[in-house]
Amino acid sequence: MIPAAFDYVAPATVPEAVRALTAGGEDAKVMAGGQSLIPVLRMRLAVPTVVVDLSGLTELTGVHDDGDSLRIGAMTTHYEVQRDPLVREHARLLRLATDTVADPQVRHRGTFGGSLAHADPAGDLLAPALALDAVMVCVGPDGTREVPAAEFFVDHFTTALAPDELLTHVKVPKLTGWGAHYEKFNRVAQAWSIVGVAAALRVADGRITDARIGLTNMGPTPVRARGVEEALVGQPATAEAITAAATRAAEGADPPTDGNADAEYRSHLARVLTERAVTAAVGA
Ligand SMILES: Cc1cc2nc3c(=O)[nH]c(=O)nc-3n(C[C@H](O)[C@H](O)[C@H](O)COP(=O)(O)OP(=O)(O)OC[C@H]3O[C@@H](n4cnc5c(N)ncnc54)[C@H](O)[C@@H]3O)c2cc1C
């Protein structure tokens, strides 16, 4: 199918983009790399009045050092995130998760902000953003507001962004020196996650002192595995402690049943992948 007709605007500044969104009303759509939006338009799952293309907004690209956190522009591509030295040093979990996203073509066009704004429960960057306590910087006609990841993801493909707002940056607190791992289970190479586990941990004198665990595709939004975190902190970084903590991975999750896996199998995967992710993060 081809998309229904829409107006196209390519703003040169963020205020211009906001004005175009506001003028377009409820059915205006932002376009980043178009990796998810174009198929949605072609299937006519969305019939926007106007598409506001952010690709000219160079101010929304790149990774910047903001002291205690990194500021990542929404239009930074997955490829750029993967290769950025600041991300490697201070947000390794994000880099490892980005490595698992699709294939080089998608990683060259797809953006960090687009993935978060799209809020596909199977998207691999949502759980790391949640585990890292990232903060979304959103700009609309009333100005700028900051939304913590825990409040940003509202439902399947639904975020706290209003139709006339855009995500400009993401603040990612630095976890320098922490161990990290992203464990993804998918049906074929380069496919979306059936379940994924994002783990970031700090170990001192053989004991786990901090643990952040996020789950991909274990509910309509990414899930923070608080039970596992509680069970890990203070424990020795041993296989026994990790196995015991991982049994709590599916607590509080609401995994879907679909053509790839049923809810019970997803809960099993969450436990197994948590054990693997934490083990790898401890050894990292
Ligand atoms: C073949 C294929 C395989 C893929 N596999 C994976 C995978 O394994 N794991 C994974 O995580 N992802 C995967 N993806 C998705 C990929 O990561 C894209 O980055 C993601 O779809 C977002 O695309 P985009 O950045 O081009 O945003 P777009 O497609 O342009 O936009 C997506 C949505 O977000 C909104 N949006 C975009 N940017 C903003 C913004 N700054 N402010 C407000 N709203 C915004 C748009 O309006 C739209 O609704 C895959 C995509 C394809 C095509």
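Hi everyone. Let me start with a term: a salt bridge is a side-chain nitrogen of Lys or Arg within 4 Å of a carboxyl oxygen of Asp or Glu. Keep that in mind as we look at this predicted model.

With that rule, the count comes to 15 salt bridges. My first stop is Glu229, which forms a salt bridge with Arg226, their closest N and O atoms being 3.6 Å apart. Where do these two sit relative to each other? Both belong to helix H10, residues 226-232, and being 3 residues apart, they are separated by about one helical turn. Is Glu229 buried or exposed? Glu229 is buried, with a relative accessible area of 7%, while Arg226 is partly exposed at 47%.

Glu229 has another partner too: its side chain meets that of Arg224 in a salt bridge, at 2.6 Å from N to O. In that pair, both residues are buried.

Now over to Arg248, which forms a salt bridge with Glu251, with the closest N and O atoms 2.9 Å apart. Here Arg248 is partly exposed, with a relative accessible area of 27%, and Glu251 is partly exposed as well, at 44%. Going back to Glu229, shared partners join Asp133, Arg212, Arg224, Arg226 and Glu229 into one network of salt bridges.

Let's turn to the nonpolar side chains. The largest nonpolar core has 39 residues, and those touching the most other members are Ile72, Leu94, Leu116, Met136, Phe152 and Leu167. Which helix gives the most to this core? That is helix H8, residues 126-131, with 5 residues.

Next, a word on the annotation. UniProt, in an unreviewed entry, lists residues 1-177 as "domain: FAD-binding PCMH-type". That span is 34% helix and 24% strand, and its end C-alpha atoms lie 49 Å apart.

My last stop is Trp192, in the loop between strand E11 (179-185) and strand E12 (195-204). Trp192 is partly exposed, with a relative accessible area of 49%. What does Trp192 contact, leaving aside neighbours within four places in sequence? The answer is Asp120, Ala122, Gly123, Lys184, Phe185 and Asn186.

Definitions and conventions: Residues are numbered from 1 along each chain as its sequence is written. This is a predicted model: local features need pLDDT of at least 70, side-chain atom pairs count only at pLDDT 80 or more; totals for chains, interfaces and linings use all residues. Side-chain values use heavy atoms; hydrogens and water are left out. UniProt positions are given in the numbering used here, feature names are shortened, and annotations may be inferred rather than shown by experiment. Helices (H or I, at least four residues) and strands (E, at least two) are DSSP runs, numbered from the N terminus. Buried means under 20% relative accessible area, exposed over 50%, partly exposed in between (1.4 Å probe, protein chains only). Contact means heavy atoms within 4.5 Å. A nonpolar core is a set of buried Ala, Val, Leu, Ile, Met, Phe, Trp, Tyr and Cys residues joined through side-chain atoms within 4.5 Å.
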